[in-house]
Amino acid sequence: MAYCYDVVDNEFFRSGCEQLRKAAPAVNRGLPPKYFLCVARLSPEKNIDGLISAFADYRRHGGAWDLVIVGHGPLETELRQLVNEFGLVDAVHFCGFWTGPDLVAAYAHAECFVLASKSEPWGLVVNEAMASGLPVLVSSRCGCVDDLVDPGRNGYVFEPDDRDGLVQLML
């Protein structure tokens, strides 16, 4: 057995999601019926506060999906406070750090993946999301956008500081 770093096992995500979509509804894992998914460390460069702000605008404009955030990090307390300030406690779900079957389930039942990073050398989670069959909304600051995102075909690219642009893509 070989262990590799900075790679994604596409088949693991593809087949795992395919099986889960056939077998287990999202609610069995405590996930909402329709949601945007973000998998990221809760740290400043990941721009989760910007994503939550854009999500608040999305909901104010009539958007009905929830936001599921998988990850942990130093900003968790502040991000939970921001969600509370926006009155989104029932619509934003912090799941903590998930791996393996739990992470596959998060991808399997999501409607769309979002990565709003202000700085990201690549963004392997975008590879995971795409292997899982999800459309993606990815910040232009992620190294993978030129190679992975074909705007209008498998997702869209946005500027991380353009909240209105992200809101429009989410809508």
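This is a predicted model: local features need pLDDT of at least 70, side-chain atom pairs count only at pLDDT 80 or more; totals for chains, interfaces and linings use all residues.
1. Two strands are taken to pair if DSSP finds at least two bridges between them.

2. On its other pairing, β2 is joined in the parallel sense to strand β1 (residues 35-39) over five bridges, where Val39 stands opposite Val70 of β2. The chain passes from β1 through helix α2 (residues 48-60) to β2 in a β-α-β crossover that is right-handed, and a right-handed β-α-β unit is also made by β2, helix α3 (residues 76-85) and β3.

3. Strand β2 (residues 66-70) is largely enclosed by the rest of the structure, because five of its five residues are buried. Both of its faces are covered, with Asp66, Val68 and Val70 buried on one side and Leu67 and Ile69 buried on the other.

4. Turning to the aromatic rings, the count comes to six aromatic pairs. One of them joins Phe12 and Phe13 edge-to-face, at 5.2 Å centre to centre with 90 degrees between the planes; Phe12 is partly exposed, at a relative accessible area of 36%, whereas Phe13 is buried, at 5%.

5. Phe13 also forms an edge-to-face pair with Tyr107, at 5.6 Å centre to centre and 90 degrees between the planes. Since Phe13 lies in helix α1 (residues 10-23) and Tyr107 in helix α4 (residues 100-109), this pair ties together parts that are 94 residues apart in sequence. Tyr107 is buried, with a relative accessible area of 0%, and ring pairs link Phe12, Phe13, Tyr107 and Phe113 into a cluster.

Notes. Residues are numbered from 1 along each chain as its sequence is written. Side-chain values use heavy atoms; hydrogens and water are left out. Buried means under 20% relative accessible area, exposed over 50%, partly exposed in between (1.4 Å probe, protein chains only). Helices (H or I, at least four residues) and strands (E, at least two) are DSSP runs, numbered from the N terminus. A crossover is right-handed if, with the strands pointing away from the viewer, the path from the first strand over the helix to the second runs clockwise. Rings of Phe, Tyr and Trp (its six-membered ring) pair if their centres lie within 6.5 Å; planes under 30 degrees apart count as stacked, over 60 as edge-to-face and the rest as tilted.
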